[in-house]
Amino acid sequence: MDEILSLEAKENKLLESQPQILFKHKDLQQKQKDISLQVRFNHAVLLLQNKKYYSAIKLFKQTQQSIKIPSFLNIGIAWYKLGSSNNAYLYLKKIFDVKEAITQDPYSYMSATYYLYKITNDKKYIQEIIKIS
């Protein structure tokens, strides 16, 4: 009889623990997704360094939802390197327009601002860099 009660107690504990396992599984899935995005982002950076700009842009577009500002910066730089100032401007301006980027990601903000100056020759971008540095 004690063995039957012990067996029932073990089954109840198993059932009680399953929601915990499910939550941990979802947590692990999210972490795996985050790692996968980071790997794709890093691969895209390597492609950019190796001057494979179109391939880099394609990968950065996959990471832009989660790694927004650095992805936009690198897409903008890739377009700039390809000589497409209009496309570069669109992505770099997205960073410049997010004023929180000044504190959240100052490197990307200043880099985007510098490239915007190179594209437009508008001194307001240099003044912005001086103001925040």
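Biologist: Is threonine 63 buried or exposed, and at what relative accessibility?

Modeller: Buried means under 20% relative accessible area, exposed over 50%, and partly exposed in between (1.4 Å probe, protein chains only). Threonine 63 has 0% relative accessibility, so threonine 63 counts as buried. This is a predicted model, in which local features need pLDDT of at least 70 and side-chain atom pairs count only at pLDDT 80 or more, while totals for chains, interfaces and linings use all residues. Residues are numbered from 1 along each chain as its sequence is written, and side-chain values use heavy atoms, with hydrogens and water left out.

Biologist: Which residues does threonine 63 touch, not counting residues up to four places away in sequence?

Modeller: Contact means heavy atoms within 4.5 Å. By that rule, and with residues up to four places away in sequence not counted, threonine 63 touches Leu37, Arg40, Phe41, Lys68 and Ser71.

Biologist: In which helix does threonine 63 lie?

Modeller: Helices (H or I, at least four residues) and strands (E, at least two) are DSSP runs, numbered from the N terminus. Threonine 63 lies in helix H2. The protein has seven helices and zero strands.

Biologist: At what angle do the axes of H2 and H3 cross?

Modeller: Axes are lines fitted to C-alpha atoms, for helices over the stretch in contact, and angles run from 0 to 180 degrees between N-to-C directions. Helix H2 (residues 53-63) and helix H3 (residues 68-81) cross at roughly 160°, and their axes come within 9 Å. H2 is therefore roughly antiparallel to H3; angles under 35 degrees count as roughly parallel, over 145 as roughly antiparallel, 65 to 115 as roughly perpendicular and the rest as oblique.

Biologist: Which residues of H2 and H3 make the contact?

Modeller: From H2 they are Tyr53, Tyr54, Ile57, Phe60, Lys61 and Thr63, and from H3 Lys68, Ser71, Asn74, Ile75, Ala78, Trp79 and Lys81. Ala, Val, Leu, Ile, Met, Phe, Trp, Tyr, Cys and Pro count as nonpolar, Asp, Glu, Lys and Arg as charged, and the others, Gly among them, as polar. The contact of H2 with H3 has seven nonpolar, three polar and three charged residues.

Biologist: How far apart are the axes of H4 and H6?

Modeller: The axes of helix H4 (residues 85-96) and helix H6 (residues 106-120) are 9 Å apart, and the helices pack at an angle of about 145°. Residues in this contact include Tyr89 and Leu92 of H4, and Tyr109 and Leu116 of H6. By class, the contact of H4 with H6 has ten nonpolar, four polar and one charged.

Biologist: What share of the protein is buried?

Modeller: Of the 133 residues in the protein, 32% are buried.
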